[in-house]
Amino acid sequence: MKIDSYMPVRIISGADCLLKNSNALIKMGKRCFIVTGRSSARLSGALDDVFSIFHENGIEYTVFDRIEPNPLTKTCFEAGVTAREFGCDYVLGIGGGSVLDAAKAVAIFCSNPLMNHCDIYNRAVPSAHVPVALIGTTSGTGSEVTGVSVLTNSDTGLKKSISGPDCYADITFSDSKYTKSVSEDTRISACLDALAHAVEAYCASTCNDLVELYAKKAISLIAPFIICSRFRDLSDEEIDSLHSASVFAGLAINIAGTCFPHTVGYYLT
């Protein structure tokens with residue numbers, strides 16, 4: 001048996017897990033820098049839940065809502081500078097994979113004032129960073145539980161990942177209700193991403209017994225949707241299955257990594 005692994009993220013999951021475990025967020029500090037895209041955090045209801053918690057507990061916050069798909073290093077750098085000027089105690093990312101990846105980078109830029117936007121690719125690992133909390137609003141990337149952040153180099157326009165202990169969140173709240181607002185196209189894309197994670201991790205030379213368990217679980221949850229090509233009018237239980245699958249797939253790639261198809265994808269997308 002081989003089950004070597006490292007996954008330091010505290011996962012809190014289930015219906016209304018954020019509201020039921022708000023103390024875990026409150027304990028992170030009195031000043032929060034919220035990182036989002038332009039609409040997903042609001043449409044999902046997650047941002048309103050966070051606002052409610054912060055207002056009730058006197059937490060100061062500011063929102064940076066300009067993270068684009070395939071986040072640019074310059075955007076993350078700008079957010080990091082803003083977070084540092086705000087004096088944040090921690091970064092909270094709310095959104096899909098791009099936002100979650102960006103939040104990790106923002107936390108690093110925030111704590112490294114001498115770092116330029118492209119320096120993040122050749123930083124000392126682990127680099128200093130403020131704590132990070134994440135709330136996912138899609139069911140695909142598994143970024144909540146991986147020590148990886150995929151960024152787009154603003155100078156070259158190419159996607160390139162960073163990884164290391166400084167790229168893990170401290171805590172993630174995993175509630176499938178926040179994924180209900182996504183479009184059918186987004187749900188399909190996210191599902192295929194999670195499936196690719198599971199299959200690639202299972203086929204990787206670095207696959208071990210624990211990866212195999214995670215990958216098989218993810219594939220078994222996703223397979224019915226792929227076989228029937230059904231992604232519309234899903235029940236709460238079905239939405240929860242897809243969300244759980246993305247987390248299991250994320251746990252798989254966190255150990256084994258991905259393979260050639262994902263690398264090719266960086267250039268195609």
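## Salt bridges

The structure, a predicted model, holds 10 salt bridges, each defined by a side-chain nitrogen of Lys or Arg within 4 Å of a carboxyl oxygen of Asp or Glu. Lys180 and Asp236 form one of them, at 3.0 Å from N to O. Because Lys180 lies in the loop between β8 and α7 (184-203) and Asp236 in helix α9 (residues 236-256), this pair ties together parts that are 56 residues apart in sequence. Asp236 is exposed at 52% relative accessible area, whereas Lys180 is partly exposed at 41%; buried means under 20%, exposed over 50% and partly exposed in between (1.4 Å probe, protein chains only).

Glu212 pairs with Lys216, the closest N and O atoms being 3.0 Å apart. Both residues belong to helix α8 (residues 209-228), 4 residues apart, about one turn of the helix. Salt bridges with shared partners also link Asp16, Asp49 and Lys177 into one network.

## Helix α4

Helix α4 (residues 46-57) contains 12 residues; helices are DSSP runs of H or I with at least four residues, strands are E runs of at least two, and both are numbered from the N terminus. Its buried residues include Leu47, Asp49 and Phe51. Just after α4, Gly58 adopts a positive phi of about 65°.

## Sheet

An open sheet is built from 6 strands with parallel pairing, in the order β1-β8-β5-β4-β2-β3; two strands pair if DSSP finds at least two bridges between them. β1 (10-13) and β3 (60-64) stand at the edges with a single partner strand each, so one side of each lacks a neighbour in the sheet. Between β1 and β8 (residues 171-174) there are 4 bridges, and Ile12 stands opposite Phe173 in β8.

## Basis of the values

Residues are numbered from 1 along each chain as its sequence is written, and side-chain values use heavy atoms, leaving out hydrogens and water. Local features need pLDDT of at least 70 and side-chain atom pairs count only at pLDDT 80 or more, while totals for chains, interfaces and linings use all residues.

Note on methods: Expected span 1.5 Å × (residues − 1).
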